[in-house]
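Subject: Handover of a protein model

Dear colleague,

Please find below the sequence and structure that I am handing over to you.

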Amino acid sequence: MFMLFKMQQNVKIMKIDGNLIALRSFKTANGNGKHVISGNGNGHPHHQISAIEAEQMGDDHSFTSIETPMRPDAFLLSDENKIANIEAHFEQIMQTLGLDLTDDSLRGTPHRVAKMFVKEIFHGLNPMNKPKMSVFDNKFRYGQMLVEKDITLKTTCEHHFLPIFGRAHVAYISNGTVIGLSKINRIVDYFARRPQVQERLTVQIAEELKKVLKTDDVAIVIDAKHLCVASRGIQDDSSSTITSEYGGAFKNDPKVREEFLRIIGY
Ligand SMILES: [Zn+2]
């Protein structure tokens with residue numbers, strides 16, 4: 001459920017699944033060659049950066065906010081209308097590249113790509129697609145560390161729209177509330193099905209688990225390869241990127257953190 005509850009100047013603040021998201025109406029390049037980069041709901045300032053700075057930002061894989069920057073009209077169009085729009089635009093991209101769309105092999109590609117964006121790899125942009133989280137009490141598990149390692153992770157770099165793939169390792173110390181193991185995979189998968197930055201993905205998963213499990217004692221490590229690093233730019237296909245987020249006992253007690261890292265083999 002999302003709710004629009006405040007609007008001032010051109011900034012809207014929406015509440016989506018309990019998260020505050022500040023949205024700024026998007027402007028194309030103005031006379032100064034500047035683009036408006038949308039802000040976030042975490043109190044970070046909105047700011048303008050030049051096109052060159054924006055390109056550098058993508059190369060550095062830095063990002064502006066923990067919330068995925070979304071437009072206020074993100075969910076006004078139906079999935080079917082989005083697919084039709086993207087299909088037409090992707091056809092233009094292919095034609096601009098000089099590809100012959102009357103060829104039987106290419107004919108269906110614009111529709112395939114559009115459907116894949118909306119229904120599969122960016123399915124997690126829409127809060128309506130968030131997995132239902134049923135938690136249950138299990139006092140027997142109180143104080144125990146639960147680790148789920150080697151969760152398959154597939155997401156998409158928001159700077160290059162190329163795949164990021166690897167593994168997520170998640171742990172929590174139950175305060176009596178537990179969730180089904182497959183739900184952890186589903187939370188990882190939901191936030192991964194968006195254009196992402198690995199650091200943001202890591203924090204989004206940790207924050208969601210804290211909320212669902214009603215505890216700060218949550219840890220996550222993501223170890224992933226970026227196709228945009230492997231196949232372009234520096235063209236390094238052997239390195240991987242490791243990000244982590246530790247809350248509660250994992251943050252404050254080195255022994256707890258070490259136990260988690262030893263279990264996942266780091
Ligand atoms: Zn990238």
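The notes below describe what was found, beginning with the whole chain and ending with single residues.

**Overview**

Please bear in mind that this is a predicted model. The protein has a mean pLDDT of 84, and 81% of its residues reach 70 or more. Residues 1-46 need caution, as the pLDDT there is below 50. Even so, this stretch has 83 contacts in the model beyond near neighbours in sequence.

The protein contains 9 helices and 12 strands. Of its 266 residues, 27% are buried. Among contacts with a separation of 6 or more, 62% are between residues 24 or more positions apart.

**The open sheet**

In what order do the strands of the five-stranded open sheet stand? The order is β10-β7-β8-β11-β12, and the pairing is mixed. Strands β10 (195-196) and β12 (241-246) are at the edges; each has a single partner strand, so one side of each has no neighbour in the sheet.

The individual pairings can be followed across the sheet. Strands β7 and β10 pair in the parallel sense over 2 bridges, and Thr156 has Pro195 as its bridge partner in β10. Strands β7 and β8 run antiparallel and are joined by 10 bridges; here the partner of Ile151 in β8 is Ala168. These two strands form a hairpin with 5 residues between them, in which Phe161 takes a positive phi near 55 degrees. Strand β8 (residues 163-173) is in turn joined to β11 (residues 218-226) by 9 bridges, again with the strands running antiparallel. In that pair, Ile164 has His226 as its bridge partner in β11.

**Helices across the sheet, and the cores**

Two helices lie across strands of this sheet. Helix α5 (residues 181-192) lies across β7 (145-157), β8 and β10, and runs at about 25 degrees to β7. Helix α6 (residues 198-213) lies across β7, β8, β10, β11 and β12, and runs at about 155 degrees to β11.

In soluble globular proteins, nonpolar side chains tend to be buried together. In this model, the largest nonpolar core has 35 residues, and those that touch the most other members are Val188, Ile205, Leu209 and Ile220. At least two residues of this core come from each of β7, β8, β9, α5, α6, β11, α7 and α8 (248-252). Ile205 gives a local view of the packing: leaving aside neighbours within four places in sequence, it is in contact with Ile187, Val188, Phe191 and Ile220.

Another core, of 5 residues, lies apart from the largest one; among its members are Ile83, Ala114, Phe117 and Phe122.

Just after α2, Gly98 takes a positive phi of about 95 degrees.

Helix α4 (residues 109-121) spans only 16 Å between its end C-alpha atoms, whereas a straight helix of 13 residues would span 18 Å. The buried residues of α4 are Pro110, Ala114, Phe117 and Val118, and α2 is included in what covers them.

**Residues in loops**

Most residues other than glycine have a negative phi. Lys214 lies in the loop between α6 and β11, and counts as exposed because it has 11 C-beta neighbours inside 10 Å, where 12 or fewer is the cut-off. Gln235 is in the loop between α7 (227-230) and β12, and is likewise exposed, with 8 other C-beta atoms within 10 Å.

Which residues does Asn175 touch, apart from those up to four places away in sequence? They are Tyr142, Lys214 and Thr215. Asn175 is found in the loop between β8 and β9 (177-179), and is partly exposed, with 16 other C-beta atoms within 10 Å. Its C-alpha atom is 8.8 Å from that of Asn138, although the two residues are 37 residues apart in sequence.

Yours sincerely

Methods
Residues are numbered from 1 along each chain as its sequence is written. This is a predicted model: local features need pLDDT of at least 70, side-chain atom pairs count only at pLDDT 80 or more; totals for chains, interfaces and linings use all residues. Two strands pair if DSSP finds at least two bridges between them. Helices (H or I, at least four residues) and strands (E, at least two) are DSSP runs, numbered from the N terminus. Two residues are in contact if their C-beta atoms, placed from the backbone, lie within 7 Å. Axes are lines fitted to C-alpha atoms, for helices over the stretch in contact, and angles run from 0 to 180 degrees between N-to-C directions. A residue is buried if 20 or more other C-beta atoms lie within 10 Å of its own, exposed if 12 or fewer, and partly exposed in between; C-beta atoms are placed from the backbone. pLDDT is the predictor's confidence in each residue, from 0 to 100. The expected span of a helix is 1.5 Å times one less than its number of residues. A nonpolar core is a set of buried Ala, Val, Leu, Ile, Met, Phe, Trp, Tyr and Cys residues joined through C-beta atoms within 7 Å.
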